[in-house]
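Please look through the structure below with its charged side chains in mind. The paragraphs that follow go from one pair to the next.

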Amino acid sequence: MSAASRPAAVIVLAAGEGTRMKSRTSKVLHELCGRSMLGHVLAAARELRPERLVVVVGHRREQVVEYLAREAPDAEAVVQEQQNGTGHAVRVALEQTGVLDGTIVVTNGDHPLLRGETLGALVRTHEDAGNAATVLTTEMPDATGYGRMIRAADGAVEAIVEHKDATAEQRAVNEINVGMYAFDGALLADALKRVTTDNAGCEEYLTDVVAIVRGDGHRAGAHLVADWVETQGVNDRVQLARASRQLNDRILEAHMRAGVTIVDPATTWIDVHVTADRDAEIRPGTQLHGRTHLGEGAQVGPNCTLTDTRVGAGASVANAVCVEAEIGPEASVGPYAYLRPGTRLGPKGKVGTYVETKNADIGEGTKVPHLTYVGDAEIGEYSNIGASSVFVNYDGVRKHRSVIGSYVKTGSDNMFVAPVTVGDGAYTAAGSVIVQDVPPGAMAVARARQRNVEGWVERRRPGTPAADAARRAQEAQEPPETRQEDAP
């Protein structure tokens with residue numbers, strides 16, 4: 001089969017109301033695997049490199065137009081003021097673009113599983129056969145409710161018969177009309193002028209164009225898609241969830257065939273823009289969103305959610321949430337860590353259990369092992385941050401930044417009140433509140449001197465279990481000859 005030419009246009013129909021979604025969001029903007037339904041369709045259409053990419057909008061048009069301006073500026077929005085059928089939608093599009101010479105592909109904005117290669121095959125079939133119109137079809141296991149494709153002996157399309165109008169013999173046909181087409185541009189424009197609303201719905205149907213061009217003596221053909229699942233549209237939340245599962249399975253399979261280990265595909269979700277190098281391993285219960293990237297040999301999971309995060313080669317992330325973070329090669333994160341935007345963990349660094357970081361540069365080999373918050377901070381190389389430490393970065397009005405040098409050892413339960421700097425090689429004592437800069441190599445001690453008030457519990461809390469325990473402990477420490485024996 002020859003290579004397909006570049007289509008004159010791809011027209012995406014996205015004007016429908018989508019009432020079954022029961023949503024304030026336009027149906028075609030509902031997301032699956034990190035991209036809207038419309039975004040998936042546009043991505044498939046772009047694989048054909050069309051000269052023009054046109055989206056027909058109607059219901060909730062403001063949302064769709066805003067989306068196109070932000071995410072797909074190469075697409076032209078055409079407003080269908082009244083939704084009077086698929087033929088009317090294409091006619092409105094051509095009224096804006098003008099008559100286009102060459103092949104025009106018409107597809108739907110709610111078919112997110114459609115592959116670009118399938119649209120390319122539709123165009124090749126259309127052009128190789130010299131068709132005026134080519135219908136995309138598939139064979140359904142149960143074709144009930146779908147329009148049947150009735151073919152001539154040479155494979156040409158004779159008619160598209162709706163289920164309710166089909167004879168018993170026609171209903172036995174499992175090949176259905178998917179609702180996507182390739183047309184000769186000039187013949188399409190001419191036929192659309194003759195489409196009527198003489199039907200039960202009083203709408204202009206694109207299927208009528210097929211009958212019109214056949215009546216003019218032109219050939220109408222079909223391209224059969226082997227995988228019927230790919231051709232399914234989404235009309236409600238149940239179908240959206242089903243399509244998400246099917247698309248995710250496709251994404252997972254592609255990663256596994258490229259050399260990525262996915263331990264449990266059933267509990268792993270990966271967005272379309274996620275990338276991973278070979279020998280990366282994704283463990284159960286993991287979600288990878290946005291433009292997350294896993295380096296070679298990185299291990300992520302179990303139970304991780306990473307969004308727009310880069311994980312270096314050989315790094316490990318377990319039971320963690322990471323958003324817009326960068327994790328260096330051979331570094332480790334978790335379990336139960338939260339890396340917020342702006343976190344950069346250097347090579348062989350560690351962010352451990354119950355640690356939260358934000359807008360923090362953590363140097364090579366530095367460890368933040370447990371129970372700590374590091375916000376708006378810079379930490380040098382091979383330092384160690386003691387447990388239960390807090391970088392106090394907010395004064396109630398503005399954020400401030402703390403700087404910890406290299407080879408620093410900070411004590412447990414420290415507070416670093418920003419802005420403050422701890423020099424290279426310095427130490428801080430446990431329980432200290434650091435409010436002044438610490439010179440390199442110094443030991444900072446910032447805590448009150450301990451004072452023990454003897455007998456306080458028995459005097460101030462008499463009769464309590466604590467007072468009784470204290471009395472017994474004191475008696476046990478007294479020499480035997482000084483103890484008072486209980487009276488008989």
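**Salt bridges along the chain**

In this predicted model, Arg340 forms a salt bridge with Glu356, and the closest N and O atoms of the two are 2.8 Å apart. This pair links distant parts of the chain, since Arg340 sits in the loop between strand 25 (337-339) and strand 26 (344-345), whereas Glu356 belongs to strand 27 (residues 350-362), 16 residues apart. Arg340 is partly exposed, with a relative accessible area of 25%, and Glu356 is likewise partly exposed, its relative accessible area being 25%.

Strand 27 also holds Lys358, which forms a salt bridge with Asp376, where the closest N and O atoms are 2.6 Å apart. Because Lys358 lies in strand 27 and Asp376 in strand 28 (residues 367-379), the pair ties together parts that are 18 residues apart in sequence. Both Lys358 and Asp376 are buried.

Elsewhere, salt bridges that share partners join Glu66, Arg70 and Glu71 into one network.

Asp249 and Arg245 are separated by about one helical turn, because they are four residues apart in helix 8 (residues 237-257). Asp249 is partly exposed, with a relative accessible area of 36%, and Arg245 is partly exposed as well, with a relative accessible area of 24%.

How many salt bridges does the count come to? For the model, the count comes to 21 salt bridges, and the pairs described here, including Arg340 with Glu356 and Lys358 with Asp376, are among them.

Notes: Residues numbered from 1 in each chain as written. Predicted model: local features only at pLDDT ≥ 70, side-chain atom pairs only at ≥ 80, totals over all residues. Heavy atoms only, no water. Salt bridge = Lys/Arg side-chain N within 4 Å of Asp/Glu carboxyl O. Helix = DSSP H or I, 4+ residues; strand = E, 2+ residues; numbered from the N terminus. Buried < 20%, exposed > 50% of the residue type's maximum accessible area, 1.4 Å probe, protein only.
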